[in-house]
Every structure is written in C-alpha cells, then in structure tokens.
Amino acid sequence: MSDLKETLKLGWEELCWIGPSRGMIENTTADIEPQQEIIGQERAVKALKLGMLIKSKGYNAYVAGIHGTGRTATVKKLLDELNLGDSIPPDLCYVNNFRNPDQPRLLEMKASTGVIFKQRVSDLIGSLQKKIPAIFESEEFQSTRNDIVSQHMGSQKALFKNFENKVSAENFMMVQVQVGPYTRPDLAPVIVGNPMKIEQLEALVDEGKFSAQELERLKVKYKELSVEMEKIFKEARDIDKTIQEDLEKLSREWVEPLLKDLTDSLREGIDSGAVGIYVDELEADIVNHLDRFRPRIVPSSGAGEAPGPPMLVPPDPSQFSDYEVNVLIDNSDTRPPPVVVETMPTFRNLFGTIERVMDRHGIWFSDYRHIRVGSLLKANGGFLILNAQDVLMEPGVWQGLKRSLRNGVVDIQADPYGFFFSSALKPEKIPISLRVIMIGDPEIYDLLHWYDEDFRKIFKIKADFDSRMPNTDENQQKLVGFIARISSEESLLPCDESGVRVITRLAIRWGGRKNKITAQFERVADLLRESDFRARAEGANFIASQHVDQANRDRIERVNMIEDKIQEFIEEGIIMIETQGQRVGQINGLSVYSFPEFSFGRPSRITVKTSMGKSGIISIEKEADLSGHVYDKGVLILSGFLRDRFAQDKPLNLTASITFEQSYSGVDGDSASSTELYALMSSLSGVPIDQAIAVTGSVNQHGEVQPIGGVNYKIEGFFKVCTAAGLTGSQGVMIPRKNVGDLMLDLDVIEAVKGGMFHIWAVDHVDQGIELLTGISAGQPDENGDYPEGTINYLVNLRLDELSRGMKEYESSDGHDEEEVKKEDAETEPDPVPGEQN
C-alpha cells in the first residue's frame with residue numbers, strides 16, 4: 001500500500017508551471033519592446049481579413065468570443081493596418097422635391113462637394129434676394145410694366161365707359177349694393193333724377209303713384225342690362241388676367257437671363273445627373289414664385305393711433321427655406337475607409353430619423369431639412385462595428401439592420417418607437433455598400449445561426465476568438481511585450497523579473513492547463529493596473545512578485561465572501577466534514593461553486609447505504625429533483641460497472657442509496673461518479689475509507705478514471721478545510737491522472753506538498769483509487785474469474801453473492817408461504833350447492 005501511495009504521489013514540480021530556469025527578462029519591462037501584434041488569435045484574424053477584403057455581398061463578420069479576449073481592439077487594429085482602398089464615399093444631400101414635397105430628392109456627389117453645393121445654393125438665393133427686387137424697381141422695368149398696364153387698362157376703361165353711356169341712355173344708373181359685409185355692382189332705374197330700387201317702384205305702384213306698365217318695361221330693361229353688365233365684368237376680369245399674365249411673363253423674361261447666368265455656377269465641378277435635374281427644377285420653381293422676392297408693403301405706425309404711410313420691407317427669409325440643401329454626409333475630412341463604432345445602436349442612432357420642430361405659431365412640423373442620418377450611412381463605403389447584444393435588445397434594430405443589408409438601401413423614417421409623432425415624409429432611399437462587424441458572445445451567434453435564416457445569408461464570416469493560446473516561449477515573450485505596452489501606454493510602473501513571472505503564472509492558471517496561456521488580456525491588464533496601485537502604495541519603483549500576489553489576493557477577497565461563509569460553517573461543524581479517521585460507505589467528494597466573477601471548490605460528504613433488494617442504485621438527489629442530466633448519467637454508469645465486473649455469473653440483486661449530505665441545491669456533472677463508486681464499494685465490502693483523502697474524478701463502465709474540470713479549485717478547497725482542522729501529513733486529494741496537466745495550484749498548497757504535509761495522488765483506474773483509500777488491494781481476477789481472498793473486489797463480490805442468495809431464499813420462502821395459504825383456503829371452502837355454477 002505504501003508503495004502504491006508513493007508511486008501515485010505527485011511531486012511539487014508537477015503541481016504548477018515552473019518556468020524557464022533563466023530569467024524571463026533581464027531587468028524590467030521598461031527595457032522590453034512593447035508588443036503591438038495581435039496575440040494568439042490567428043484563426044480569428046484570418047477570418048476577419050477575409051471578411052474585410054472580399055467584395056462579395058453578405059460577407060459581414062460576426063466576431064465571437066468571451067469578454068476580454070481583445071475582440072474590439074483586434075478589429076480596430078486590423079482596420080488600421082489593412083490597405084482597404086483609398087476611395088472616399090460620396091457626399092449625400094437631401095433637397096426639396098418641388099413636384100412632390102413629401103418625397104425629398106437624394107443627391108449624391110463627389111466627396112467634399114456637398115457643403116460647397118449647399119453654400120452655392122445659399123449664395124444664389126441671397127443674390128437673387130437682392131437682384132430680383134432691383135430688377136423690378138428699375139426704371140426700364142417699371143416703364144415697360146406701366147406700358148402693359150396702361151394698354152390693357154385703357155381697353156378696360158373704354159369698355160366700362162361705353163356701358164355706362166348705354167345705361168344712362170336707358171335712364172339707369174350703376175350703383176353699389178351692400179350684401180352682407182361686401183358690396184357688389186347693380187343697376188337702378190332713375191326716376192325724377194334719383195336712382196330707385198325695383199322694390200321701391202313696386203311699392204309706389206301699389207299706392208297708385210307709379211304706372212304698372214312702366215314698371216314692367218323697366219323690369220325687362222333691367223334684366224337685359226344686368227345680363228350685359230355681367231358680360232362686361234367678365235371681359236374686365238379677362239383683361240385683369242391678361243394683365244397679370246403679361247406682367248408675369250415680363251418678370252420671367254427679365255429674371256430668366258440673370259437666373260440662368262447664376263445657376264450655371266451650381267453645376268461647376270459637380271458631375272452628377274441628379275444635381276443637374278435638381279438645378280433645372282430649382283430654376284423653374286424660382287421663376288414660378290418670383291413674388292417671394294418682392295418687398296412686402298406693410299403699414300407703418302404714425303403719430304398717436306393714426307397709421308402712417310405704407311412702407312416696403314424685405315421678404316420674409318422663411319419663404320426661401322424650400323431652397324435650402326440638407327447635407328446628410330460630408331466626407332470632407334473622411335479618411336478612407338470610414339470606420340464607425342456605434343456604442344448605442346438605437347433605431348434613431350443607427351438608421352437616422354426625421355426630427356420635428358415647432359414653428360413660431362406653436363405647430364409641430366417636419367420637412368426634408370429635418371432628416372438626420374444614422375451610423376449606417378456614416379459608415380457607408382467602410383465598416384460599422386456593433387455589439388450584438390445591444391443590437392438585439394433595441395426595439396426594431398435587428399430587423400431594420402437585416403433589411404438594410406439584405407436590400408442594400410437605407411430607408412430613413414421617423415423613429416417608429418418614438419412617442420406621439422410620425423411623419424408623412426418618404427425620403428428617397430439611399431443605396432449603401434459597407435461591411436458590418438458585429439461583436440458578441442458565441443451563444444448569440446449559435447442562436448441566430450439556427451433560428452434566423454437571414455443571419456446566415458448576411459453574416460457569412462465567423463471570427464472565433466479563443467480564450468487561450470499555446471504556452472510556448474514565443475507566446476510568453478509576447479505576453480511580456482503586452483505587459484510592457486500596457487505599462488507604457490498607461491504610465492504604469494515597470495515589472496521586474498519576479499513580477500513578470502507571477503503574472504505569467506496566473507495567466508497560465510487562467511488558461512486552464514499548464515500548456516496554455518489565457519487570451520483574456522483585459523484580465524491580465526486589470527491585474528497589472530492593480531499591482532501598480534499596490535506597488536505605488538508601498539513606494540516601490542517597480543512591480544515585483546509580492547505586489548502581483550497581493551493584488552490577486554485582493555481581487556479574490558473582493559468577491560469570495562460566499563466561500564468564506566461556507567468555510568466558517570465547516571470550521572464550526574455546521575457543515576460536517578471529517579479530515580481524519582476512517583468510515584465505511586462515506587467519502588469526501590469535491591465540488592465547484594461557480595459565480596460570474598469567481599469560482600471555488602469545497603468538500604462534500606458523500607454517503608452510501610446498501611441492502612438486499614432489486615431497486616439498483618438510487619440517487620437521492622435524482623429522486624428529490626435536485627440533479628442534472630449529466631449527474632444522472634454518472635450514477636447509471638455505476639450500475640454498468642458493477643454488472644460488468646460482478647454480475648456475469650449471477651443477477652445483481654442490490655439496493656443502494658447515494659447522496660450528497662447537507663446538499664440543498666442542485667447538483668450536476670459526473671466528476672463525483674468515481675467518488676460515489678469508491679463509497680459504494682466500501683459499503684459493500686465493509687472496508688472503511690480514509691477520510692483524510694478527498695476524491696474527484698469521473699469514471700466509465702470499464703473503471704477508468706476520466707478527467708474533470710475545476711481541479712485546482714477542488715484541491716485548494718479541501719486544502720483550506722484541512723489547514724483549518726490542522727494538517728497531519730496524511731491528508732491530500734486524489735485526482736485523475738489526465739488532470740495533471742491542469743494543475744496550477746496556489747503557492748500555499750505547493751509549500752505544504754514540499755513539506756510533506758499535504759499530498760496529491762493521480763490515478764488512472766478505480767482499482768488504484770480504492771486501494772489508496774482503503775489500504776487494501778483491489779485484486780485482479782484469475783483465469784476462472786475469481787478474486788484473491790481478502791481483496792476489495794473479493795469482498796464486494798462475496799457480499800453481492802450473499803445479497804443474491806438472500807434475495808433468492810426470501811423470494812422462495814415468500815412463494816412457499818403463499819402456496820400454503822392458498823391450499824388451506826381451498827380446504828376450508830364449502831362445497832357448491834347442486835345446480836350452482838361457478
């Protein structure tokens with residue numbers, strides 16, 4: 001037994017990463033060239049380069065990986081380093097659609113010309129505001145205008161003069177009649193030199209003071225003259241219309257040459273068909289609305305309450321807002337390609353919106369000038385970086401992003417998820433060509449890939465960031481270079497050789513195996529920052545090993561309150577754990593408690609009780625609905641092992657109950673399956689297990705011990721319990737040999753192992769484990785399948801034989817008694833009555 005213990009015992013050198021015998025650096029990291037390369041993400045970098053360089057549609061990239069692996073920093077660095085072209089995307093402007101104002105027109109033009117075009121239009125309108133009134137006020141224009149008016153007004157006066165003469169000849173007069181608040185022209189017969197209404201003459205006829213025949217004649221004549229008057233007034237209105245048309249024609253003829261000359265400058269240097277069409281429409285609208293440029297006549301205030309003489313004031317500037325240019329994208333200062341990192345991808349921020357404003361009358365409104373662009377357009381022609389979780393959490397953003405990427409256009413609209421406002425504007429859609437790089441967790445990628453068909457079509461690149469990298473000399477030096485870079489960029493104290501060695505040791509521990517280093521460099525950077533704080537607090541000039549160790553202990557202390565509470569319960573005996581003595585069917589198992597920021601291990605008492613029966617192995621956790629599927633599988637494997645080893649010549653008649661004592665929450669995983677098997681074999685054999693040894697490891701149906709997770713936490717958890725109870729030199733932990741490569745234990749554990757006060761054993765098979773725990777050989781079967789007398793397997797097989805025979809005897813005895821009862825009942829049953837049928 002002692003030979004096996006010594007054979008399976010691990011030396012302290014196997015419990016952690018020792019590191020190179022020579023120093024990792026000569027002096028401090030201040031002498032080290034900062035590491036600028038991307039470390040440990042070759043697979044992801046290769047995928048990202050493909051997504052960035054390929055031009056085909058749908059090759060947007062999803063960057064998957066856990067937080068702290070440098071996903072965002074890597075993407076930004078690649079975008080800075082790669083030669084992704086020197087073309088700058090065009091400027092984008094919205095202008096008024098004069099034919100349909102609800103559908104603003106989009107103008108695309110060469111980069112940096114959008115602002116120039118806007119200024120040119122503004123200068124044009126400003127110039128027209130001065131020059132058009134000057135034209136209208138010129139003597140030549142006024143003379144021509146007066147000639148046109150005089151010509152037509154003469155015809156109109158002659159028309160009215162002839163009609164008035166005719167009316168007078170018929171003894172009628174034109175008068176003004178009040179109709180409500182208005183007056184209208186009418187005719188009245190002249191009687192004795194005075195105009196009178198027809199109604200008045202009818203009253204005189206009734207009184208016999210006027211001839212009825214004369215009244216009838218006047219009525220007929222009134223009707224004839226009224227019809228002719230209507231014709232005269234229609235002809236006068238036609239003359240007014242002609243005057244207006246001729247004056248407008250005159251205005252256009254005088255303004256068009258000026259306008260043509262001024263608008264030619266708008267097209268200079270702007271090679272865009274859409275701009276040409278817009279300028280043509282702009283000219284037409286200005287010509288059709290020349291009145292906007294005329295000064296307004298308003299009354300002035302005189303002395304007292306009397307109004308003063310009318311005065312001319314310039315046109316209201318708001319009348320010219322339809323001619324403004326809304327520059328959405330100005331790429332004057334853009335360095336190709338544009339890269340936009342959107343940290344708040346709301347619907348408004350990503351796709352843009354149509355704002356609303358309140359005019360001076362308190363009315364809310366919006367037009368093309370209030371269209372605002374979002375990040376998707378700002379990144380047009382380049383790259384847009386988004387966080388996947390943020391995109392999925394914002395209402396409507398994911399669906400809108402898919403539509404835009406699938407169709408290659410952005411449709412700007414009022415925020416559909418805003419409050420109390422929508423807009424009837426339907427701006428012209430904007431074509432886009434960009435790459436979206438979405439950064440998120442692997443779980444989000446899997447969900448989208450399986451349940452969203454569009455995702456597979458528009459995100460064809462997956463850049464998978466690893467959480468660890470190989471532990472090679474090259475990567476160790478890159479880690480040192482990373483430490484040097486962070487120290488230089490953030491003005492931290494440099495690390496000496498001992499500090500670098502401790503940081504490397506922790507980075508390897510966080511990597512999970514001795515041949516791996518963590519790729520969560522944010523975690524390393526945080527440790528470095530906290531170590532710098534500790535070193536400065538002590539007045540040191542550089543970061544040494546004690547500063548890093550203290551910073552790491554401080555970090556653990558901030559989050560391990562639950563571990564300390566459980567440790568208190570164990571020390572006070574509330575949670576019952578024995579670290580000395582021997583017990584039959586009882587063993588110390590090891591489990592891991594995992595939290596978002598911290599994980600720790602602790603021992604758990606596992607007990608087994610066996611008896612005669614046919615129920616097999618009963619997991620109390622499963623019966624109480626406290627177990628997971630993997631744990632249940634591990635329990636079932638125990639039955640397979642027992643059947644294979646002990647039930648080839650007899651049925652396995654056994655009832656055994658297994659439980660984690662004082663466990664009141666769920667349990668999962670199969671890392672305790674070998675531990676439960678040892679307790680089961682102890683219960684069956686009657687041989688006690690050494691309580692000074694805690695056990696972890698999964699087992700298969702062949703009895704091979706398989707590796708498990710969290711081995712460092714488990715060992716350290718039992719070590720703390722043993723230290724609190726008092727180290728005796730016999731305590732330790734038995735682990736699977738496959739986990740030796742994972743060992744990166746705390747220095748306290750290593751020092752105890754060095755001093756012979758604590759031990760770590762590594763086993764490959766349960767036969768080694770049971771011998772280590774009981775001090776009795778497991779025993780190997782001979783050619784007849786029999787085990788050596790006194791071995792564990794012999795005792796287990798013997799007990800199973802006893803249980804099988806006992807069960808058989810019980811069933812036989814129970815059956816015999818039943819037959820006797822039936823026979824006695826038959827003898828005492830009365831004879832049937834003749835004629836009766838049973």
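## Terms and basis

Ala, Val, Leu, Ile, Met, Phe, Trp, Tyr, Cys and Pro count as nonpolar, Asp, Glu, Lys and Arg as charged, and the others, Gly among them, as polar. The model is predicted: local features need pLDDT of at least 70, side-chain atom pairs count only at pLDDT 80 or more, and totals for chains, interfaces and linings use all residues. Residues are numbered from 1 along each chain as its sequence is written, and side-chain values use heavy atoms, without hydrogens and water.

## Largest cavity

A cavity is a set of points on a 1 Å grid over the protein atoms alone where a 1.4 Å probe fits but cannot get out; lining residues have an atom within 4 Å of a point. Two cavities reach 30 Å³ or more. The largest holds about 50 Å³.

Its lining has five nonpolar, three polar and three charged residues. Among them are Glu-563, Phe-600, Arg-602 and Lys-720. Helix H19 (561–571), strand E24 (599–611) and helix H23 (711–725) each give two or more residues.

## Second largest cavity

This cavity has a volume of about 30 Å³. Seven nonpolar, two polar and one charged residue line it. Leu-48, Tyr-59, Phe-383 and Arg-435 are among them. Helix H2 (42–53) and strand E18 (435–440) each supply at least two.

## Cysteines

There are zero disulfides (cysteine sulfur pairs within 2.5 Å). For Cys-495, the closest cysteine sulfur is in Cys-16, 20 Å away, too far for a bond. Cys-722 is in no disulfide either; its nearest cysteine sulfur, that of Cys-16, is 20 Å away.

Cys-722 is buried at 0% relative accessibility.

How values were computed
1 Å grid on protein atoms, 1.4 Å probe; cavity = no way out; pocket = protein on both sides within 12 Å on 5 of 7 lines; lining within 4 Å. Points joined across faces, edges and corners; volume = space filled by probe spheres on them. Helix = DSSP H or I, 4+ residues; strand = E, 2+ residues; numbered from the N terminus. Buried < 20%, exposed > 50% of the residue type's maximum accessible area, 1.4 Å probe, protein only.
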